[in-house]
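Here are a few exercises to work through with the model open in your viewer. Try each one before reading its solution.

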Amino acid sequence: MNITSAKFTEQGSIIATIDDQVMTVPDDMGNRHRVMIAEWESAGNAIEPYTEPAPDLVEHAAQKRWEKEVGGITLSGLVIYTDDRSKIMISGARVAAEADPNFTTQWKGADGTFVTLDAAMIVAISNAVSTHVLNCFALEAQVLAQIEAGTITTAAEIDAAILAMGD
């Protein structure tokens, strides 16, 4: 068997790569894999301390952008949902509003109450949601550029950049 790495975890076990398989081995000399690791150590190899892998910053940025995108906005005191279903419904209402300037509809607000929206307000909501989504993607692009440049290096910095966007 071929051991290529071994690292101690904070829980007292060892994460080892043995024959190209990563496995968790108890730090117990009664375990055959632990005995093999001890022999590997005696050949001059060292068990390193285990550290959590760094988060995938690009994936983290995409996740945070998505959370911001679907997190909703407030327009004229009305909380507007921006999840994918709501965006489809807003687009449909906009089509109706553009076809009929006298169009009105009952819209259920985030607090559960219904409000009457006229065509102009529906268009304003649609524009605001579209701007919000575009801003979220633009912000993600800026964050990715900063990751690439090395000026953003942690998930916390991504979180702060996304949070700074506001509604």
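**Exercise 1: charge pairs around arginine 34**

Glutamate 41 and arginine 34 form a salt bridge, with their closest N and O atoms 3.4 Å apart. This is a predicted model, so treat that distance as computed. Find which aspartate side chain also meets arginine 34 in a salt bridge, and work out how accessible the partners are.

*Solution.* Start with the other partner: aspartate 27 meets arginine 34 at 2.7 Å, N to O. Next, check accessibility. Arginine 34 comes out at 7% relative accessibility, so it counts as buried, the cut-off being under 20%. Glutamate 41 is partly exposed at 29%, and aspartate 27 is partly exposed too, at 41%.

**Exercise 2: a pair within helix H2**

Work out how glutamate 69 and arginine 65 are placed along helix H2, and what network they belong to.

*Solution.* Step one: the two are 4 residues apart in H2, which means about one helical turn separates them. Step three: both glutamate 69 and arginine 65 are buried. Finally, follow the shared partners: salt bridges join Arg65, Glu69, Asp84, Lys87 and Glu140 into one network.

**Exercise 3: the sides of H3**

Which residues of H3 are buried, and how are they arranged around the axis?

*Solution.* List them first: Ser86, Lys87, Ile90, Ala93, Arg94 and Ala97. They cover an arc of only 125° around the axis, so they sit on the same side of H3. The face turned away from that buried side carries the exposed Arg85, Ile88, Val95 and Ala99. Now look at the cover over the buried residues: it includes helices H2 and H4 and strands E6 and E7.

Conventions: Residues are numbered from 1 along each chain as its sequence is written. This is a predicted model: local features need pLDDT of at least 70, side-chain atom pairs count only at pLDDT 80 or more; totals for chains, interfaces and linings use all residues. Side-chain values use heavy atoms; hydrogens and water are left out. Buried means under 20% relative accessible area, exposed over 50%, partly exposed in between (1.4 Å probe, protein chains only). The arc is that of the directions from the helix axis to the C-beta atoms. Contact means heavy atoms within 4.5 Å. A salt bridge is a side-chain nitrogen of Lys or Arg within 4 Å of a carboxyl oxygen of Asp or Glu.
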